[in-house]
Amino acid sequence: MFRARLDFHDIASPIGLADGGLFLGRSSVFPVQHRMLRTEVLESEDRVVLISYERFTDDPEGVVLVTGLSDSAIQGRLDALDAYLLDFAVLEIDRRKRTISYRASPVVSIPAYLIADQDGVAIDWDYSRLLVDREVEIVWDVALAQIAGRSTYAPTTIVAGVYRATAGAVLRASANGVAVELPESIEHDGPHDVWPDAHVEAQLFEAIKAILDSRPLDPSRLAVELSGGMDSALTSIAAAAVAGPGVMSVGAQFNGPMGAAQRERRSMLRDHGGFDDLSVPAERFAPFGPTSLRRIRYGVWPEDENYPELFEAMFGMLQAAGIDTLVSGLGGDELYTAYEGEEGAPAGKGESACAFLTAEGLAIAHRARSPYPAGWLQETCWSGAASESQRVLRYGLWPVHPYHTLALARFVSRLPRRYRRDRRLLRDTLCELLGNQVFATDYVKETFKLVAHRGIAENRAYLIDLVQRSNLSRHPGIADQAILAALAGDIEALDHHTYNALFRVLKVFCFFQ
């Protein structure tokens with residue numbers, strides 16, 4: 001939530017606020033300026049602390065400076081954040097210890113990236129600004145693990161020396177480098193019984209509405225993501241219940257039988273919520289095309305969303321319509337966890353192969369993964385939010401992910417298996433709200449796969465040239481000839497596992513071109 005350049009020799013300088021930023025000597029910090037946020041600047045003799053947080057409906061907006069505080073008063077304010085229900089970030093300057101630290105909330109919808117040197121640190125929510133005109137060093141174990149499809153969620157990243165703020169962690173920079181403090185792992189206490197007459201479906205819907213209603217939403221500046229799937233269906237219905245009719249909705253529209261089924265669901269949801277709907281044809285925005293940000297060095301972080309071409313178009317139109325807040329269904333799948341021993345519980349991952357890594361590359365990839373401490377939210381919630389955070393902020397949008405709420409995650413995780421199995425609670429809630437059984441059984445779910453196939457096939461000459469001239473191809477862990485063979489062949493004939501691996505390896509090659 002900050003953009004900053006802070007030098008250690010400026011730490012003792014007096015502070016001043018001007019033009020939305022904080023200045024210490026020649027150093028500066030610019031909090032994200034948005035209607036949904038508030039920033040506090042707290043100063044004692046030894047510390048300067050900036051707290052940027054999502055505000056509740058009755059919180060004033062803007063930036064406030066409070067000086068002359070005691071260290072204990074500042075610490076009390078920081079300790080109170082442990083119980084804060086929405087997203088926040090803390091940037092702390094310790095004048096006595098000569099350290100600069102960044103702490104992310106357990107929600108972390110907008111991660112910051114940090115680079116340190118002997119003079120100080122650069123911090124930015126937009127990684128591309130940190131990397132411009134830099135020659136970077138690849139962290140190969142992370143790169144190969146990402147190609148293999150293994151999670152690499154951690155404060156260290158695919159670029160040497162670049163750290164990312166992760167859920168509940170603290171990055172602390174000094175003249176000696178960057179130290180990382182990870183959060184403590186939480187313990188799920190498993191399912192509990194519910195009262196026989198408990199209306200859990202109503203409780204879920206009321207909880208989603210309360211999560212949205214707690215924020216200062218402006219119906220004229222609000223949009224909802226409406227994919228036609230179950231997760232966005234519930235959050236959009238809740239948003240309409242809170243904000244009233246006339247809220248904008250936006251979603252990608254696909255072709256074929258999948259698209260026809262999706263169009264019917266979106267139409268039903270649009271009519272139910274009274275949305276002003278914006279439907280964007282996905283086929284027009286296939287990946288890797290000539291205007292894609294992926295053709296720009298460091299243009300799209302390898303872990304970012306798979307289809308920036310499409311989302312750039314959608315978010316640009318929302319910005320032009322005066323929208324500044326976007327409600328999503330991100331994280332809905334992750335609510336309905338299955339515990340060990342329950343039907344549907346995830347099995348342990350084996351050492352799966354990857355067609356585009358050599359035996360040496362696979363060995364490195366399999367050694368790289370170190371599980372992140374468990375939280376109430378699942379790891380894919382944090383990585384999913386991070387994947388779109390650059391794009392939304394670049395277009396002046398603040399993301400609201402109702403499912404990324406710790407209290408809601410605790411509530412659903414404690415329900416009996418019959419509610420969590422096959423997302424039955426979500427299906428039944430939607431059926432009650434809509435008076436329609438379309439979500440009660442499996443439906444034709446939308447997927448970007450066919451659009452991605454076309455994007456790769458239509459841009460194969462560019463992608464083949466990229467792989468051939470890239471330094472990545474010379475790494476002994478990369479099976480470059482296998483990549484080239486796949487690109488030259490029938491993309492649609494690739495099995496699901498191979499296609500996914502090809503897409504992942506191309507994202508890495510594009511980033512480091």
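1. Ala-202 counts as partly exposed because its relative accessibility is 29%. The cut-offs are under 20% relative accessible area for buried, over 50% for exposed, and partly exposed in between, with a 1.4 Å probe and protein chains only. Ala-202 sits in helix α4, residues 200–213. Its C-alpha atom is separated by 30 Å from that of Glu-388, 186 residues apart along the chain.

2. Some ground rules. This is a predicted model: local features need pLDDT of at least 70, side-chain atom pairs count only at pLDDT 80 or more, and totals for chains, interfaces and linings use all residues. Residues are numbered from 1 along each chain as its sequence is written, and side-chain values use heavy atoms, with hydrogens and water left out.

3. Overall build. The protein chain has 16 helices and 19 strands. These are DSSP runs numbered from the N terminus: helices are H or I with at least four residues, strands are E with at least two. The radius of gyration is 23 Å, close to the 24 Å that the globule rule gives for 513 residues, so the protein chain is as compact as a globular protein of that length. That radius is taken over C-alpha atoms, and the rule is 2.2 Å times the number of residues to the power 0.38. The C-alpha trace spans about 65 × 60 × 50 Å along its principal axes.

4. Of the 513 residues of the protein chain, 56% count as buried. Among contacts with a separation of 6 or more, 74% come from residues 24 or more positions apart. A contact means heavy atoms within 4.5 Å.

5. Surface and charge. The protein chain exposes about 21,300 Å², and carbon and sulfur atoms supply 51% of it. Areas come from the Shrake-Rupley method with a 1.4 Å probe; for residues, only the protein chains shown count as cover. There are 51 positive and 68 negative side chains, with the centres of the two sets 3 Å apart. Lys and Arg count as positive, Asp and Glu as negative; His and the chain ends are not counted. Charges are placed at NZ of Lys, CZ of Arg, CG of Asp or CD of Glu.

6. Strand β9, residues 99–104, is mostly covered, with 6 of its 6 residues buried. Thr-99, Ser-101 and Arg-103 point one way; Ile-100, Tyr-102 and Ala-104 point the other way. In a regular strand the side chains alternate between the two faces of the sheet.

7. Partners of β9. Strand β8 (residues 88–94) pairs with β9 in the antiparallel sense over 6 bridges; pairing requires at least two DSSP bridges. Ile-93 stands opposite Ile-100 in β9. β8 and β9 form a hairpin with 4 residues between them, and Arg-98 in the turn has a positive phi of about 55°. β9 also pairs with β13 (residues 170–174), antiparallel, over 4 bridges. There, Tyr-102 has Leu-171 as bridge partner, and Arg-103 has Val-170.

8. Strand β13 is largely enclosed by the rest of the structure, because 4 of its 5 residues are buried. β13 and β14 (residues 177–181) pair in the antiparallel sense over 5 bridges. Leu-171 has Val-180 as its bridge partner in β14. The two strands form a hairpin with 2 residues between them.

9. Gly-329 lies in the loop between β18 (325–327) and α8 (359–368). Gly-329 counts as buried because its relative accessibility is 11%. Not counting residues up to four places away in sequence, Gly-329 touches Glu-225, Asp-231, Ser-232, Thr-235 and Tyr-403. The C-alpha atoms of Gly-329 and Pro-216 are separated by 19 Å, at 113 residues apart along the chain.
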